[in-house]
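Biologist: I would like to learn how to read the helices and the core of a model such as this one. Could you take me through the main features in turn?

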Amino acid sequence: MKASKVLLLLLIGLTFLFIFDYSRGGIHKIGPQLSQIIILPAPADNIKALDDDWFGK
Amino acid sequence: MKSKFGSIFKGELKNSLGSIILLLSLVILWDLYLYLRRDSWDITLVFVLSFLPIIFLPFYALVSGFYMLREEWRKKTITHLLSLPVKGITLTSIKLLTIWIETVIFIVVIFIGVIMFSKIALLEPIPNQVLWQLGIILSIISILVAILSQFAYLVGRVFRYGGWLISIWTFLVTGWAIIRYSGLLVPYLSFVPNFQLNGWYLSGIWQYLGDVSALQAIKIHGPTTLAFFLSFFVIFLLGSWILEKYVIVPTGEIKHESE
């Protein structure tokens with residue numbers, strides 16, 4: 001099988017995965033996932049503290 | 001092999017000299033403009049604006065990743081490069097190293113301006129640790145963006161038609177997949193410790209919000225960060241492999257520019 005065909009199938013697969021994930025609201029999880037890496041300190045009562053255990057839930 | 005690496009790397013640096021000079025001139029012009037405005041504008045604003053050029057770093061890395069490879073195809077030097085006894089990973093590493101050097105030069109010049117304005121605007125000097133950490137983070141982000149754009153361009157080059165469309169598609173879909181699913185590796189990397197960064201620059205925001213007692217340490221989640229880096233490393237390896245084995249090279253007259 002040609003490399004271009006394999007790559008095209010992979011891209012189509014990832015696109016379907018994206019559509020499936022998007023339809024289940026996955027796009028809104030990108031923000032919390034990025035903020036899982038960098039946990040900013042939150043001043044008391046001003047900003048809601050970010051969840052420290054996002055992947056576990 | 002070592003001398004080939006050296007000669008290709010030297011050629012890349014020579015090619016990037018123009019963009020380095022352009023970048024340096026733009027940052028110096030921006031700093032000069034701010035310096036001339038120091039009396040008419042609020043001095044704290046001038047200090048904050050001296051950080052502004054760092055916003056363009058990821059965009060620069062994005063464009064560089066595409067552009068450096070595109071030039072090889074445009075000048076048809078890729079045919080010559082791939083005929084050399086070097087691996088695909090050597091070629092992609094050289095390009096990344098060049099982008100990293102450009103980024104570091106860019107960051108150093110921006111920070112010289114920042115230190116200069118901090119002396120005018122602030123009562124206390126910026127902690128050295130803050131500049132080091134910020135510089136390292138910025139250069140890492142630039143490299144990650146460059147890896148993704150390099151990979152996207154190389155995937156586009158596997159196809160005879162619609163290469164640009166495929167590249168943009170690959171960039172978006174792969175970027176999304178890494179952010180969304182690299183976290184699946186986190187449970188296997190729980191041994192990686194978390195670490196902290198000095199968030200000195202947050203103190204201004206906290207003061208604005210009326211909470212001067214808030215912590216300034218930024219926590220970095222070790223396992224998630226490593227999972228993120230590993231995903232990019234896999235993309236880098238995959239891109240290098242595609243370059244070595246599957247890209248379509250242009251035919252016709254070859255210009256030997258890298259020698």
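**Reading the helices and the core**

Modeller: The secondary structure of chain B comes to 9 helices and 2 strands, where helices (H or I, at least four residues) and strands (E, at least two) are DSSP runs, numbered from the N terminus. This is a predicted model, in which local features need pLDDT of at least 70, side-chain atom pairs count only at pLDDT 80 or more, and totals for chains, interfaces and linings use all residues. Residues are numbered from 1 along each chain as its sequence is written, while chains are lettered from A and ligands numbered from 1 in the order in which they are written.

Biologist: In what order do the elements of chain B run from the N terminus on, and what does the C-alpha trace of chain B span along its principal axes?

Modeller: The order in chain B is α-α-α-α-α-α-α-β-α-β-α, and its C-alpha trace spans about 65 × 50 × 35 Å along the principal axes. Chain A, by comparison, has 2 helices and 1 strand, running α-α-β from the N terminus on.

Biologist: How should I read burial, and what percentage of the residues in chain B is buried?

Modeller: A residue is buried if 20 or more other C-beta atoms lie within 10 Å of its own, exposed if 12 or fewer, and partly exposed in between, with the C-beta atoms placed from the backbone. Buried residues make up 32% of the 259 residues in chain B, and 2% of the 57 residues in chain A. Ala3(A), which lies in helix α1 (residues 3–23) of chain A, is partly exposed because 16 other C-beta atoms lie within 10 Å.

Biologist: Which residues does Ala3(A) touch, not counting those up to four places away in sequence?

Modeller: Two residues are in contact if their C-beta atoms, placed from the backbone, lie within 7 Å. With residues up to four places away in sequence not counted, Ala3(A) touches Val158(B) and Tyr246(B). Within chain B, among contacts between residues at least 6 apart in sequence, 80% join residues at least 24 apart.

Biologist: Which residues touch the most other members of the largest nonpolar core?

Modeller: A nonpolar core is a set of buried Ala, Val, Leu, Ile, Met, Phe, Trp, Tyr and Cys residues joined through C-beta atoms within 7 Å. The largest one here has 48 residues, of which Ala146(B), Ile147(B), Leu148(B), Phe151(B) and Leu154(B) touch the most other members. α6(B) gives the most to this core, with 13 residues. Leaving aside its neighbours within four places in sequence, Leu148(B) is in contact with Phe171(B), Thr174(B), Gly175(B) and Ile235(B).

Biologist: At what angle do α5(B) and α9(B) pack?

Modeller: Axes are lines fitted to C-alpha atoms, for helices over the stretch in contact, and angles run from 0 to 180 degrees between N-to-C directions. Angles under 35 degrees count as roughly parallel, over 145 as roughly antiparallel, 65 to 115 as roughly perpendicular and the rest as oblique. α5(B) and α9(B) pack at an angle of about 120°, with their axes 7 Å apart, and are therefore oblique to each other.

Biologist: How are α3(B) and α5(B) oriented to each other?

Modeller: The axes of α3(B) and α5(B) come within 10 Å and cross at roughly 150°, so these two helices are roughly antiparallel to each other. On the α3(B) side the contact is made by residues including Leu57(B), Ala61(B) and Met68(B), and on the α5(B) side by residues including Lys95(B), Ile99(B) and Phe106(B).
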